[in-house]
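These are my notebook entries on a structure that I went through from accessibility to overall shape. I wrote down what I looked up and in what order.

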Amino acid sequence: MERTLPKNYNPKDFEDRIYNNWEEKGAFIAVADKNKKPFTIVMPPPNITGQLHMGHALDQTLQDVLIRWKRMQGYSALWLPGSDHASIATEVKVLDKLRKEEGLEKSDIGREEFLKRAWDWKKIYGGKITEQCRKLGDSCDWTRERFTMDEGCSRSVIKFFVDLYEKGLIYKGNKIINWCPECKTALADIEVEHDDLNGKHWYFRYPGVNGEEGLVIATSRPETMFGDVAVAVNPADERYKHLIGKNVMIPLINREIPVIADEHPNPEKGTGAVKITPAHDVNDCEVGERHGLEKLVCLDENAVMNAEAGKYEGMDRYECRKLWIEELDEAGYLVKTEDVVIATGKCYRCNSVIEPMISDQWFVSMKPLAEPAIEAVRTEDLIHVPDRFEKIYMHWLENIKDWCISRQLWWGHRIPAYYCDDCGEMMVATEAPTKCKKCGSINIHQDEDVLDTWFSSGLWPFSTLGWPDKTEDMDYFYPNDVLVTGYDIIFFWVARMVFSGIEALGKVPFKHVYVHGLVRDGEGRKMSKSLGNGVDPLDVIGTYGADALRFMLMTGISPGNDMRFKYDRVEASRNFANKLWNASRFVIMNLEDEDYEAFKRGVDINEYALMPEDKWMLSKVNDAAAYCTEALEKFDLALAGQKVYDVIWNEYCDWYIEIVKNRLYGEDEESKRTAKLVLVTVLTDLIKLLHPFMPFITEEIFSYLPKAEATEENPENFLMKTDWPLYDEKKRFEKESSVLEICMEAIRSIRNMRAEAGAAPSKHLSAVIVAHGDAADRLKAGERYLKSIANINEIVFMDNKDELPEDSMSAVIEGAEIFIPMDELVDYKAELEKNTKEKARLEGEIKRVEGKLSNQGFVSKAPQKVIDEEKTKLETYKDMYEKVAARIAFVEKKL
C-alpha cells in the first residue's frame, strides 16, 4: 500500500471507508469467551421516530469511548444497540401520515390495518437513526441489534407482566390518573411535565342550605364544579368549625354537598375552604377516599363536558369555563378574580394540558419493588457517577406511588389480559386462552390497551440478552457493567431497569450509572425547536468530521454537568486532528523499508542506544498511559482526553519532533534509526490512547505505520483491536526526564526574552546561567538542547552573579537564573530608527491636542467630558514621549 499519508487531512476521504471496513470484518462483534472478562453496555434505545441530535451524540460517544477502551484492554466488550418502539410518539406519526395522505382516522381502518401501517412506517424510518449512529463511529455489535417490539423482547415483556400479576404486583383498578385528551391515553406521573403558567383563581360563593351561612372557595378550574361532592376545611380552622357537618349548595347547580373536616386544606391558602372533586383532582381523590365520597365525572376523554354539566354538555372544557364564569358572575356568585401563577401539567409528548380523571387502568404496585432498588444503593451494589444523583434516585423511590402502565393506544405491547364475553371472567396469561377457565366459553377477547413504553424499556438490559431463556449471552454478559444516561431520565428509565432487573433475576442490571448533563447552546440555553438553536450532529460531521465532534464533546463534559456547544471548540478539535495528521505524515515520510521490517520482526525499544530526549518522550507516554487509565476508571473521560491532547500537541509535536530533526537529517545512522523507532513507538502508543476518542483518524494513521504481523485475534491488524498501552516501570527515566524538563523551561524563558526584546529567533545569542547543585548539573547535561533549540552559541555557567554582563535581560527558572546581554538581544540601529519614528509621531499628537485645547472655540462649545478626555490624552502622549526620548538617549550611547 501507499506509505505516505495524503498531504491534507480530510476526514471525508476515510471515515465512511474505515467504518464500513470495521463492520464488514466483524470488528465490533463480541464473543462469549470464557478466557476473557466480559464488559457490557446496552445502548439507551433511541426512538424509531427520532433522528440523531446532539444529546444522542454526547450519550453515544461516551459509551463508545468506554467500549473501545475496554475492548483494547482485552475484555470481550459488548455494546448492544437497538431502538425503542416509542408507543405514543410513533402512533402520533403514523396517525398524522394517515390523516394527511388519506384523510382517515385510525378508527376508520381498524386496529389490524393500523398496526400494519405502523410496522411499514418502522421499516421505512426505523433504521434511519442507526445509520446516523454509524456516522458518529459507534462500535456497536450490530449483529445483536434489538427492537423493543421484536419477538424476543415482546416475549420478555409478556412473561414479566404475567409474573408480576401472579405475585399480586400488577392489578387493575379504578383510580385517578393523568389523562391526555389529545393523545387519548393515560400517562404516568413522570410523563407529565409541569410549566408555570399565568392563570387565575376565581372566588365563588357557595350558599348555605335554606338561607343558612355559606362559604367562599377559590378554584382555577371552574368547569369541574359540576363534579363537586363536598367542601373541605381544616379541622383546626376556627372560621369554619361551626359549619363542619352542614351542607352548602353548589351555585346555580343547586345540589347540596357536605362541609367536611380534613387535614388537606391549608388555612393560610386562599379562603381555607377547598371544593372537593374526587374524579378530577389527585388530592381531592385522596380526600374523597378518606371520607367515602362519590366520584362524580363531568368531563369525558376528549376534555368535553358530559351530561353532568347540563346545558354545557358537549362543550370544550375551556369554552365551558368562559361561559360558566359569566353565568355565575351575572347571578352574583363570583366574589373576585385573582391573577396567579399555576403549575400546569402537560403531556410530555404533545404538550396538551392533562386532565386528572377516574379511569379503569392497570397498575404496578411499586412499594415492594422499590425497596430492593433502594437497598441496592445503600449496599453500593449500584453506584451513581457522580454520587449526588443517588439522592434524586432515592427520593423518587422512597416517595413512589403505584405506576399506571396501561395506555389507550394500539402501537405497543398489548396487555396479556383476556375477558370472557359470556361470564366476564378475566384471565392473564403468556398465551391467549382458547376457552374461559370458569365457564368454558370460547367467546374471548383481549384487553384493548397496550403497556407504557417504559415497561418494556425497563427490561432492556436483560431482554436483549435472551431472558427469560437461559442463553449463553445471559450467562456471560449479564449483568451489564455501565449504564450511560442523561440526568433527565433517571426516573423514566434507570430506576425502572433497576427494580425490574432485581425482580426478574435477583441482581442489579448494572454496577455503575454514569450520569451526564445536557448539551446546551453557546449561551447556555437548552436546544429546542422553538428557539431554533439546535445543532444537527450530522451537519457538524459533514463540515469538521466525526472525530472533531467527538473530541469536542468528550473534552467539554464532566460527569453530571451540562456543557455548551461552541463551534470554536469544534474547530479547535479539528485543528488538533490536523496537527496530529501533519506530525504523523512527517514521521511516515522519514521511514524506510527496513523500519517496517524491524517492526514486523518486533521491536524492543530498550535494546537501542536511547538518547535523553528519547527516554524523556517514552516516559511522557508511559505516564500518560497510567494517567488516562486511572481517569477512565473514574469516568473522568474529559481528563483522559485532555491528557492525550497535551502530550501529542506539546511534548510530541512541539518538542520531541523538533529535537530529533537534527538526528533524522544527520550522518549518524544508528542515532537516526533509533530516533525513527522511538518516533513510531511513541506515535503508536499515543494514537492508541487517543483511539477511543478519535477512532477514525487514529485507525487511518495506524494503517500507514510499521507494525507487528497480524494475529489470529486481530487478523485485519486494526488499531481498535490492539492492546491498550500499559504503564511500564522500565520506561520510567526520571534522570533524563528531569534534564529535559529544566532545559525546556530554560528554552521557554529565552524565547520569551527574545520576544520581549524584539530579537529574531534566528539571531545567535550567548547566555550566562547562574545555577547551583542539581539544577546546574541538569542544565549542563542538557547544554546541547539549549544551544540547538534556543539558538545559543555560547553558554557560561556561574555559581554567583559577580561577573555578570553589565546590561542584560534575565529570567528566573527552577534553581537557576538566565542572563542574556542586551547588546546581543537588541539591534540598536533598528531600535533607534523605530523610536525616532515614534518620537516624531508623538510630537505630532502633542501638537494637535495642545492646539485643540488652546482653541477657545473648541473649549467654549465642547462638553466638559470631551475636554477632560483630550487633557488625559495629552498627559498620556507626554509621558510616552519622555520614555521614548529616554530610550533614544540610551540607544545612542550604545552606538
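Predicted model: local features only at pLDDT ≥ 70, side-chain atom pairs only at ≥ 80, totals over all residues.

Entry 1, a helix residue. I started with E101, which I found in helix α3 (residues 87-102). Its relative accessibility is 56%, so E101 counts as exposed.

I counted the secondary structure and have 29 helices and 29 strands in the protein chain. The radius of gyration comes out at 38 Å, well over the 29 Å that the globule rule gives for 895 residues, so I describe the chain as more spread out than a compact globule. Along the principal axes, the C-alpha atoms fill a box of roughly 115 × 90 × 55 Å. I then asked what share of the 895 residues counts as buried, and the figure is 53%. For the contacts with a separation of 6 or more, I find that 77% are made by residues 24 or more positions apart. The accessible surface of the protein chain comes to about 40600 Å², and carbon and sulfur atoms account for 47% of that surface.

Side chains of opposite charge can pair when their charged atoms come close. My search gave 69 salt bridges in the structure, and I looked up a few of them one by one.

The pair D141 and R144 forms a salt bridge in which the closest N and O atoms are 2.4 Å apart. Are its two partners buried or exposed? D141 has a relative accessible area of 0% and is buried, and R144, at 16%, counts as buried too.

Next I took D469 and R155, whose side chains meet in a salt bridge at 2.5 Å from N to O. This pair links distant parts of the chain, since D469 is in the loop between α12 (460-463) and α13 (472-477) while R155 is in helix α6 (residues 151-166), 314 residues apart. I have D469 as partly exposed at 38% relative accessibility, and R155 as partly exposed at 40%.

In the pair K401 and E286, the N to O distance is 3.9 Å. Here too distant parts of the chain are linked: K401 lies in the loop between α10 (389-398) and β16 (403-404), and E286 lies in helix α7 (residues 282-291), 115 residues apart. E286 is partly exposed, with a relative accessible area of 34%. I also noted a network of salt bridges that links E613, D614, R663 and R784.

How many disulfides does a search of the whole structure find? The search returned zero. C153 is in no disulfide, and the nearest cysteine sulfur, that of C140, is 15 Å away; C153 itself counts as buried at 2% relative accessibility. C439 counts as partly exposed, at 42% relative accessibility.

In helix α25 (residues 783-790), I list Y785, L786, I789 and A790 as the buried residues. Viewed down the axis of α25, these fall within an arc of 100 degrees, so they line one face of the helix. The elements they pack against are α19 (612-633), α20 (637-664), α23 (734-757), β26 (765-771), α24 (773-781) and β27 (792-798). Just after α25, N791 takes a positive phi of about 60 degrees.

I then repeated the look-up for helix α1 (residues 15-24), where E15, I18, Y19 and W22 are buried. They cover an arc of only 95 degrees around the axis, which puts them on the same side of α1. The cover over them includes α2 (54-72), α5 (128-136), α15 (537-544), α16 (546-555) and α22 (695-704). G26 follows α1 and has a positive phi, near 70 degrees.

How values were computed: Residues numbered from 1 in each chain as written. Heavy atoms only, no water. Salt bridge = Lys/Arg side-chain N within 4 Å of Asp/Glu carboxyl O. Buried < 20%, exposed > 50% of the residue type's maximum accessible area, 1.4 Å probe, protein only. Helix = DSSP H or I, 4+ residues; strand = E, 2+ residues; numbered from the N terminus. Disulfide = S-S within 2.5 Å. Rg over C-alpha atoms; globule rule 2.2 N^0.38 Å. Contact = heavy atoms within 4.5 Å. Areas by Shrake-Rupley, 256 points an atom, 1.4 Å probe, with all protein chains shown as cover. Arc of directions from axis to C-beta.
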